[in-house]
Amino acid sequence: MDHGRQGLAVRVLGPPGLTWNGRPLHVPGRKTSGLIYALAIRRDGMAKDELTEMLWGPERRGSLRTALYRLRHGAHAGEWLVDDAESGRIRLDGASDVATFEQRGAAGDVAGALALVPPELGAGDVRATLLSGFALHEAPAFGDWLEIERDRVFGLTRAFVVQRAAELVNLGEYGDAISLLQRISDADPLDEELHRRIMSVAWRAGDPQRAVRQYEACRRALAEGLGLTPIATTRELFEAIRADEAAAPLDRVRIGAPREADELPFVGRGRERAELAELLAAQRWITLVGPGGVGKTRLARTVAEDLSASDDAAVVFVPLEAVHGSDFVVAAIANAARLPFEGTEPPWTQLTRALEDRDVVLVLDNAEHLQPELAVVIERLLDAVPGVRVLTTTRIAAGRPLEVTVPIHGLDHPIAVDDPEGRDRDAVRLFVTAAQRARPAFRLDDDVHHDVMRVCASLKGHPLGLRLAAGWLRLRTSGELADAIDRDVLHLDNPGLDIEPRHAGLRRVMESTWSLLARDEAHHLAGLAVIRGGFDAAAAFDVAGVQAGVLAHLVGAGVVQRTGPGNFDLHPLVREFGRERLQQRRDGKRFDERHARTYLRRLTERTSAIVGEAPNEALAATDRDWPDLLEGWRFAARAGWNRELTAATDALALYADMRARFLEAEHAFDEAARALAERDDADATTLVELLCARGTHLYRMSRYAEALAVAADAEARLGVADGAHPASRHRPLKLRGDLLVATGRYREALAAYREVHALAAEHLPDRVSRDLRALANVEAILGLHAEAERDYRAAIARNRATGYRVGLAIDLNNLAELLIEQERLDEADAMIDESLEIAHGADLHLVPYLELNRADLNEKRGDLDAAERHAHACGEFATRFGQSALRSRSAARLASVAVERGELAEARRQVDAAVRIAREAHEDAAALHALVVRGRLARLEDDEPHALRCFAAVIGHDASEARDTEAARHLFGDQPLPHPIPTLDDVS
């Protein structure tokens, strides 16, 4: 600090200090000192409320007033403390070393800026750079604030070090450059890009051994700190150094791409780099196209560097952002290639003469604002100079015949927050690297893992978005950041990073991209933004009126992504900005209506395919449409579209059953029912259909009490409906039968199902096979084996005749279960095989039942290993789908296998789990099934009284299935049942 300076001077880089006119200045209290240091760090001042909360806590404004009073009356504060009553902010009128540090760095005097950092700081504890040794333990909020500021100052220090090292390298002072870089690398050993810079400088200085040692230090730090290996760029540099490859010949043109001061290491893009290398070997004009911030420039520069290292071509990087008008492109190329113009010959003639007989790759960066005139220049150049190849980066392609367009999308990113490979995705790696630049102590540990996956998945690997998001970690927690992005992905602006102004925020980037589109193109793109997920050409036309030719042009422009043959998508940033534009238009709501009608119609039209012979294609298409189907469904509910909702209900319920999307479907039906119930024009029959569909999915998830309430509501509404068709009683009656079965009231369920079947036979022929199945199921439970087999076989025959393949698979499985119980194992085995073949990829809901039957069949055959394997598989599926009864029965099957093996401890663990799961879900039938196994186990443990109590509870309970009752009677023997008969509570 300059002690000769007049006025206030504050030192905060290193141990803090204050002087007034060159003499030490003492202020009362450490919190008052902290206040002054905070104002010295924040040059533009701080709000009084912020200072109060940071130093004394909320609602302590009086403490701040007291501190300011003491300052003004004892430390010349009237001359240097500025209190702006109008804005409520306080600032210092004086000098601070951190302000000078930032000003010098911003002016390009990085050597002068770094001279202010005490040489003993910056290594070891990175936080020692700012207010070293100063802490306010009684003010934790101040500590949190100071940590953020220390990270910020360290980030600036790092950027200045990198810039200064580059200057030293240009001066040939390699040793000083390495020492400077090493100092900051020691402070942050996980900064891979710093390691790579040191390797490059050491290699350039003729010291490959030093470079190899640095690589080993990098590898160890990453392995120990993050459990990661160096990225491909670092490994490739290491291999080149180890092989002691020669640098590029001096007579070749150098790549002159501008680099940002705090540029991150290049991550990923292996596939794109390889593809572009092949294209540049075969084509003369390649264009990288994509939305702003997606990484086109970095990729182009990296590909150029790859080419420079492996090809005989000279590579010239030509930044075009500041070039206005195609007339100046020739001069920009000549300037980048260091080709001076002399004499009176036209610049074009001089350029083409200088490039002739040479193999040159021109990288024309940021070309969108010069089109279409630039395309003419490129075509003339390619025609005039055979050895020239062009690699262009642009947000909008030129669309010329010679141009080969390569769309650039985001980095490989987590497909969901629970992606098992998420940690290894390139997007996550880039985010973590950027986060450590913003907060050196950041680590991808369990506390932040879920939030990081959310951020990377939401941004779909958009490099600029990831970088901006990571920068905000200086001010937000990872959870706050993920929540903010979920609310508005476009809100991410520059949190203070040293980046180009055109990349200062995602909304600004999208505005710039949009401005390059023709008016009709922007209109069509905004219409497509109403689609939530991927789409095909038919959906693009039906929803947004976008014809195939226009869609192809938008793909070529890079704003629509081609995700597969006939399939397209929008990047979430493009979609979000398009929706904002759409909301500003008078006809915006018309697109929402067209969207809802399109996707509800699609769903309804697929009903016959879903219940037909080849459901997989319809199910896969519905998978792709699922986000849009749900959104269309919600719109229809809010709009009161009774007819459309009624038509789509059965298809939605069928699809959700087959894909085990029970919870999502339940929410959708509940939301629609609530919306319709609030409307005066709601159709009672439609509302009953929705309520019953919801109740069915509650039943699927074993939420019986809620399902019973919904069923009662549906029947009550139907009872007061005017002129309801008899067939409208079908769905509520079927739901009631299901719930009667679930609660063990089998005889009542049998009567309900018989009535259901009669209604279907008369009014709903498409439902007959499904109702026969329900009837046969309860007959099997009651031990009416002949009747159950008859009705299963009738359902099977009907499904074969109508082509309802999924229904056929379910009925085959159910009949197989009945046959296993009768020891007709070979017949059952063949039916399970056929059912699995049909169900594979079509009905996930059925798979755990098939696995459970396989386990039962194999146990009866004595193949305990196979039985155990299939029971485990059943349990895994049931857990995933939330099927409590099946989870319990899979655990009971595992317990039975353990009993057969004599593994009594394992049997006890599994059977206790089976009973607990069933009881928690109020699945009495499953609990009683498990009690049969518990009784067998108790008998093996010589606890005969408990065994008999378990068997008696099964025999005496109304919810026991016939097969469990028969098994318990056989094990109980001929002795009389105890009185009173034990209840489930008594034995579980």
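This is a predicted model: local features need pLDDT of at least 70, side-chain atom pairs count only at pLDDT 80 or more; totals for chains, interfaces and linings use all residues.

Me: Let's begin with helices. Why are helix 37 and helix 38 called roughly antiparallel?

Reply: Helix 37 (residues 805-821) and helix 38 (residues 825-839) pack at an angle of about 155 degrees. The label needs an angle over 145, so helix 37 and helix 38 count as roughly antiparallel to each other. Their axes are 8 Å apart, and helix 37 passes helix 38 in a left-handed crossing.

Me: Which residues in helix 37 meet helix 38?

Reply: On the helix 37 side, the list includes Arg805, Leu808, Leu812, Asn813 and Leu819. Among their partners in helix 38 are Leu825, Glu827, Met831, Ser835 and Ile838. By class, this contact of helix 37 with helix 38 has 15 nonpolar, two polar and three charged residues.

Me: What about Asp942: buried or exposed?

Reply: Exposed: Asp942 has 73% relative accessibility, and the cut-off is over 50%. Asp942 also has a positive phi, near 65 degrees, and isn't a glycine. Its place is in the loop between helix 43 and helix 44 (944-956).

Me: Why is the peptide bond from His979 to Pro980 called cis?

Reply: Its omega is near 0 degrees, and the bond from His979 to Pro980 is cis. Most peptide bonds are trans. Pro980 is placed in the loop between helix 45 and helix 46 (984-987).

Me: Now the strands. How do you know that strand 14 and strand 15 pair?

Reply: Pairing takes at least two bridges. Three bridges join strand 14 (residues 561-564) to strand 15 (residues 567-569), so the two strands pair. They run antiparallel, and Gly564 stands opposite Asn567 in strand 15.

Me: What lies between strand 14 and strand 15?

Reply: Two residues do, and the two strands form a hairpin. Gly566 in the turn has a positive phi of about 75 degrees.

Me: What makes strand 14 an edge strand?

Reply: Strand 14 pairs on one side only, and strand 13 (535-536) likewise. They belong to an open sheet of three strands in the order 13-15-14, with antiparallel pairing.

Me: How do you know that strand 1 and strand 7 pair?

Reply: Two bridges join strand 1 (residues 8-11) to strand 7, and at least two are needed, so they pair. Strand 1 and strand 7 run parallel, with Val10 opposite Ser96 in strand 7. They are part of an open sheet of four strands, in the order 3-2-1-7, with mixed pairing. The edge strands there are strand 3 (23-24) and strand 7 (95-96).

Definitions and conventions: Residues are numbered from 1 along each chain as its sequence is written. Side-chain values use heavy atoms; hydrogens and water are left out. Axes are lines fitted to C-alpha atoms, for helices over the stretch in contact, and angles run from 0 to 180 degrees between N-to-C directions. Angles under 35 degrees count as roughly parallel, over 145 as roughly antiparallel, 65 to 115 as roughly perpendicular and the rest as oblique. A crossing is left-handed if the near helix is turned anticlockwise from the far one by less than a right angle, and right-handed if clockwise. Contact means heavy atoms within 4.5 Å. Ala, Val, Leu, Ile, Met, Phe, Trp, Tyr, Cys and Pro count as nonpolar, Asp, Glu, Lys and Arg as charged, and the others, Gly among them, as polar. Buried means under 20% relative accessible area, exposed over 50%, partly exposed in between (1.4 Å probe, protein chains only).
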